Amino acid sequence: MLSTWNVSADVNCCNWKGVVCSNITGGGHVHQLRLQGFLRGKMNPSLVNLKHLTYLNLSQNAFEETIPYFIGSITSLEYLDLSNAGFYGTIPHTIGNLTNLRTLRFEGGYYENDDNDVSRLDVDNLDCLLGLSRLEQLIMNNVNLSRASNWQQVINTLPSLVELRFTYCSLHFSKPPLNNNITTSLAILDISDQGKFRSFAIPSWIFRLNNLIYLVLRGYSFYGPIPNISNSTKLQRIDLSFNNFNSTIPDWLYSLKDLEFLNLRGNYLQGTLSNGIANLTSLNTLDLTTNHLSGEIPRGITANLCKMQSLDLSGNNFQGEISDWFGNMSDCFLGSLEYLNLARNQLSGHLPAQFGDFKSHKSIGLDSNNLSIPINTGKLPPLESLYLDDNNLIGNLPESFGQLLNLKYLNIEDNKLEGVVSEIHFANLTKLKQFSASGNHLTLNVSPDWVPPFEKIYLLALGSWDLSEGGQIPTWIEKLNLNKLDLSSTGISGIVPSWIWKIIYLDLSHNQLHDNIPNLISDTRYIYLSSNRFTGSLPQVSADVSEIDLSNNSFSGGLSHFLCEMNETYSTDFLHLGGNQLSGEIPDCWMRWSSLTYLNLGNNILSGNIPNSIGFLKGLRSLNLNNNKIFGRLPFSLRNCTLLMKIDLGNNDLYGSIPSWMGTGIADLKFLILRSNKLSGEISLDICHLNSLQILDLSDNRFSGIIPSCVDNFTAMATKRSLSQYMETYIWLFGDSASVVTKGSVLKYDNTLALVTNIDLSNNNLSGGIPEELTSLVELRSLNLSGNHFAGLIPQSIGDMRQLESLDLSRNSLSGEMPNSFRGMSSLNYLNVSYNHLIGRIPESTQIRGFNASSFIGNDDLCGPPLTSNCSSSDGPKNREDNHESGDRPSSKIEWLYVFVSLGYAVGLSVFCTTLIFKKSWREAYYEFMEEMWNKVYVYFYLKWKKLRKTSG
């Protein structure tokens, strides 16, 4: 390609597509080649013959070769763009010969079918740029610069450089430039997205660029504080989003009078938002989403920022009445704002009346706050999007919603709305595309032949509504071209109509639907049919289904028809078949379901061994086979499921010991539930490697031995966590749940499962003492060691477990007194130490007085409330701690039994000795007896010794 420039004189190449000639130099020489988008093959060296070529753009072509070295021989070039042209390999050093260059663009792509995003272009170093003193624009996005360790020094030697873009380049920041070697011309700098696993402190030289107007450092590349000092006072656009900055917002940022765009979303910024934000009068976009900012929203935002078009403060901890900040907005703010997002904060109150004065507002996001006043839409602006879900809204849904003619997206899910919704509410919503209103107590009242006005709607969520159609699925839904339908918990019954199976996302759970389900070889990708009355065998599903929940129905029969017969490889990641009547063995074909991250077959009648192919589920996070009749040992192949966070195999007939690899090979395991099986052996020390463990339930088995003293390695049981951390960390839980025996009964946890901490070793054959290390698990909420053979004292440090809500030590052989540290366990609302050998006074506290006497019965000598038995004095027997505190002073009470025993011993001994002294015949007989006994003993041991020596000799 490009090989025909030496043609006969009668051919005018200046007429060719993309060729630009100039007569200024005489002879109609080619000055520019704009040949992007239609070339393929290889470049020909004949290009070097174009001596007057100043502009060469070969981008968006398909050359499929390395960049030819002769490109460096076209020394007249001022503009060179080889971006996304199919080139690969190392950029040649001959580029350094193009000393007239003003613009250089080498944007690389990625190799096709490469999951690792390996760039097609790379460099050995950037030394070839050192001589390009005229270079103004340098763009090398998606070029691998990981070997160019001195890139910062090179860049700061280019005196004319105005624009630099190095995104997705795998840059290193280990060698900063010298303090006095900073380019002053740079105005545009974009070094974003250097990789999620590459993070550096932000280079300080960046904020010494005093001509900088455009700064983008987006995307997982930087951590630490944003520098407190900056010389970049001309900045107009700043994007530091999706990094790990953890400081407050620096004060210098509030003085940038020319700043138009500020994006700090997705960091860990903290502190308050300064009133100085009102100084940024040129600002049109402010995005502080998903940080840790708190306090009040400055009023200056709505009063002074007259050019503001997009304001996003969502995902922080801003507090207070929304009307305090948005109830007195300036006219210019009302006229300019188009997008407002205050979601996921702690705002309260109601929509201010001034919201109706927005002139061009398109979207309001107030979801996940504490808004609790009835909705009053008033004269809302011509909105396209309104998000009020997950608040505390009460009252009726106003009919004025039907006047929002431009509304496309409306979400009022998970509130406390009630009353009737009629056709009037939807009368003019012809543009509606999404209507999400599940989780309210609304009643739909429309005529049976109603024709919805929203023909373009693709998402309809009416979960928990009363649909008032005789309990049937409304027929008007068939007229809509839906992708997502949620009719969960609406009380519908009957048989599911066939047309509904074409919907991609279908949630009909928690209803009274019945009959068999046909094979779902259709477009449905998300199937939620749990908690109905479906019967028959499981339906076969498409291999493209992503999530399947058929739990808590009455499906029966085996699993082979569902799992194995289609001979497909499934892309499903969520499969819940629990709570049915499925029977037979678990099929050994899990290699076809290797995409699973959640598997629940619990609460069925399944039997047999756990199949070895379960080891093919290498991405599995949650495994639930509880409450079946499964027997055998835990399969060795399960160790391949290294990402498991939850294993629930409780209430089966498994036997053998806990394999060591469960402790060493599944490092992220958080919930291990093996209760009510036939497991035996000792609790291995390897289990202590599970420092993320939050629930350990080995109850009702046959374990023996002692509790390992290394249990203090369960650091997750000693670490305080918040609900926000739970939301970030446990998104994998898919609404997972677990039943835990605590407080004397079985409790089921679902939404808060990730906050539960529990150890249950009850009803085994464990012995020894309760290790002191166990009491270091200060965030443990429930501890059950009942029904074992534990002996010794209750650790004095038991009181350190102040978060403990349930403690059961009953039916053991514990002795001694109850430590007084029990008095400080203010969270304890269930305690059972019955049937041990405890003695002494029960420690007194309001908490303990509230327990039933049955929690203390069956001990040797416990006394005091709540037992009816009084201690032997008003003070009672002192505890060990009491004696220590009183300096071990002797009790004033006289123990007369000990006195009389001592006197009897002394009198008897004195009578015997007196008789020997005064009666000679007794004395001689006594000495003769003692001598005879000594001789017998001596002869006996001497003969034994001789015999032993003879045998050994």
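Close-up 1. Trp476 is buried, with 2% relative accessible area (buried means under 20%, using a 1.4 Å probe and protein chains only). Trp450 is buried as well, at 7%. The ring centres of Trp450 and Trp476 are 5.0 Å apart and the planes meet at 75°, so this pair is edge-to-face (rings of Phe, Tyr and Trp, the latter by its six-membered ring, pair if their centres lie within 6.5 Å; planes under 30 degrees apart are stacked, over 60 edge-to-face, the rest tilted). Trp450 sits in the loop between strands E32 (441–445) and E33 (459–461), and Trp476 in the loop between E33 and strand E34 (484–486), so the pair ties together parts 26 residues apart in sequence (strands, E, are DSSP runs of at least two residues and helices, H or I, of at least four, numbered from the N terminus).

Please note that this is a predicted model, where local features need pLDDT of at least 70 and side-chain atom pairs pLDDT 80 or more, while totals for chains, interfaces and linings use all residues. Residues are numbered from 1 along each chain as its sequence is written, and side-chain values use heavy atoms, leaving out hydrogens and water.

**Close-up 2. Phe326 with Phe355.** Among the 19 aromatic pairs of the structure, this edge-to-face one has 6.4 Å between centres and 80° between planes. It links Phe326 in helix H3 (residues 322–326) to Phe355 in the loop between strands E24 (346–349) and E25 (363–365), 29 residues apart. Phe326 is buried at 0% relative accessibility, and Phe355 is buried at 0% too.

**Close-up 3. Lysines over rings.** Lys17 lies over the face of Phe38, 4.6 Å from the ring centre (NZ of Lys or CZ of Arg must be within 6 Å of the centre and within 35 degrees of the ring normal). Lys484 lies over the face of Tyr505, at 4.4 Å from the ring centre.

How values were computed: Buried < 20%, exposed > 50% of the residue type's maximum accessible area, 1.4 Å probe, protein only.
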